[in-house]
Amino acid sequence: MAFHHKILGVVTLLYLCLFLIHVIYFAARKEKIKTFMWFVLYVTLGLQTVGLILRWVESYQIGIGHAPLSNFYESLIFYSWCISLILVVMKKRLNYPSLTVFGVLISLFLMGYASISPSVDRNIQPLVPALQSNWLHIHVLTCFLAYASFVVSFVCGLLYITPWKKFIPPQETLDDINYRSVIVGFPLLSAGIITGAVWAHYAWGSYWSWDPKETWSLITWIVYALFLHARLMRGWKGKKIAILSIIGFGSVIFTYFGVNFILSGLHSYAT
Amino acid sequence: MSATKSNPSEKAAPQEKSFVESLQGFLASIKFAIILLVCIALGSILGTIIKQGAGPDEYLSLYSEGTYRIITLLGLNDVYHSPWFFALLFLFAINLTLCTLRRFMPILKGDKKSSIPDESAMVGMPMNFRGRGDVNDANLSSILKGYRCTYSGPEGMIFQKGSLSKYGVLLIHTSIMLILIGGFVGLVTGFKGFMVLHKGEMKNSITIGGEQPHEKPLGFSLKCKDFQVSFYPNGAPKDYVSTVEVIEGGQTIFEKQIRVNDPLNYKGIHVYQASYGKTPSLVFNIGGERVTLKERETFRKDNFVMMPIRFEQNIHNFGPGVMVVYLDQGEPRTVWFLKNIERFNEKNILTVPVRLEDVHEEFYTGLSVSKDPGVWIVWAGFAFILFGLYINFFIYFRRIYVRNSTGGYIVAGVAMKNKEVFKEEFERLRGRFNGISS
């Protein structure tokens, strides 16, 4: 087993620890635990970065060097990395354990699925010719950072409509964070679609070919465009916005997973 | 952000609106935009659920005959090029244009005549304070660092920051129009076709697919000098390279290695590495004469006619073989040659001894050829939309009024977005004002 696999295994365990720390916080409600949780999250993110870099380095050692962004396993790990990165970047606003616990849980699920599922190939695979491009890095980075921002928006929407008001941040705060994560995610998603289109122009000969992945990313883009217009132009707030953010994330999930497993197309690298 | 609430048509509500006016209002409304976007999204979903561009047999194997009739009637077998989808996009373009114009006319017209609100209005603003003493211009510009004075009069001054952000939405919407226009230009003036080239072959036209496939001349020729494919140790493809010469008017213009992700570009026409394949070259010895034939290539000499009709890589583990058809007094007959088996690689056809001496497989390259003059418009749209998104969401418009008042001055601040952050900044400004005038 390669060294980076061991590190990523530790990272998975750390996500589990982070979840347990949250549980302890909910039971004890001590500020110190919250501080400790953020510390562990920094360590986890750092270690995961090291794991990804090592995988990158190892791919060069076996002579097929490329960034760890090329298959389903790598995308799962990268997605969880992006979620943690967004949590850390938005720390000031996301300093509510009832929010971060979901980010950590989703990361734990992604890492666990990546390392346990028999259908996921964990080996470093060579890059097929279509992926041999510098557009790969910026395209995957922007898309997954957008997906990660939409996780935050989704969690806010979900908490907004839950009946247990005791444990969650005030509703106005949820509404505000929801909007803020979308204004981060929406430009990133636009950039992801655009870099993908420019790349497609050079690799496939057409910047837009209505490939299922492209189409679903456009649908996701439309949902969040509606979110922004409903909020900024029609003054939607609260429950309606919460539901829109949940629909939006449903579309994100389908763009990421659904298209790969259900629909076939040009974009079938990640299966 | 409440431009719709203050638009003129809603103010004039009590008057009876004519049908044309209300239709115009609807076409420019955000409601219509939302309806259209939802329809475009739903239409796009249909296009990913129903298989696109397949033949009738494939649909009939999936759906009943009645369903298939509905699918073809509504163009659901090619959603993204169906008339109703184009109609949706067209209506969306109209809506976007009207919506944007309606929203930005007041800003574009009215930005010039900014004036300082009177004292009572300023005291009514959520952020304001009074100061005693005098502030002069030099003081103000050092306090309000990063702000630009946009108005200066005897009664006071106006300072602004982040004015660019007001144009964010305008820029985003214009970019979307550019992308739609670019797409339309590409659709009308561009083309996309395919060309298969064997090693050494030269062609000057491409095949355009669709309902009636046809050949389209390019205006120049492409000659395939070489094609190489390489594999990783695990068998996955590593690189496809076609070495292609561009020939125009009998002269070689240049030579280029076309790879995936690295197309050839000549006179606005892009040539992409799309696929490749192998064709066998069959070397026969026919009555002492060495002849190289491809599949379905006829050999004729006097009355003797033969044609290799089917090549198989491996026949019952006996290695490569080829079926040859020949004419026996006008009647077609077939015979198999097996390259690696003695007695089966040499046969008499009629009276001529024929021997299959060698088989080499040759690669051919599949090139996708397209021209899209609209692509630069789309690229411009892409660049502008990213810039527009940035200034819209990450640059905040702030305005500060400073009005001279009896015995001192009054300061008020206005922010459209990110108000809490501005409140903090405003408190800091208040501290600096006090520090200078006291």
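Helices here are DSSP runs of H or I of at least four residues, numbered from the N terminus. By that rule A:V88 belongs to helix α3 of chain A, which covers residues 72–89. The model is predicted. Leaving aside residues up to four places away in sequence, A:V88 is in contact with A:L41, A:Y42 and A:L45.

In chain B, an open sheet is built from 5 strands with antiparallel pairing, in the order β1-β19-β18-β3-β2. Strands β1 (127–132) and β2 (148–153) of chain B are the edges: each has a single partner strand, so one side of each lacks a neighbour in the sheet. From one strand to the next, the twist averages 15 degrees. Within this order, β3 (residues 156–161) and β18 (residues 398–405) of chain B run antiparallel and are joined by 6 bridges. B:F159 stands opposite B:I400 of β18(B).

The domain assignment of chain B lists domain 3 as 166–188 + 374–395 and domain 4 as 189–272 + 366–373, among others. The centres of domain 3 and domain 4 of chain B, taken over C-alpha atoms, are 31 Å apart. Their contact involves 6 residues from domain 3 of chain B and 4 residues from domain 4 of chain B. On the domain 3 side, helix α9 (residues 168–189) of chain B gives the most, with 4 residues. That side of domain 3 of chain B has 4 nonpolar, 2 polar and no charged residues.

Definitions and conventions. Residues numbered from 1 in each chain as written. Chains lettered and ligands numbered in written order. Predicted model: local features only at pLDDT ≥ 70, side-chain atom pairs only at ≥ 80, totals over all residues. Domains from an automatic or database assignment. Contact = placed C-beta atoms within 7 Å. Helix = DSSP H or I, 4+ residues; strand = E, 2+ residues; numbered from the N terminus. Nonpolar A, V, L, I, M, F, W, Y, C, P; charged D, E, K, R; others polar. Pairing = 2+ DSSP bridges. Axes fitted to C-alpha atoms, helices over the stretch in contact; angles between N-to-C directions.
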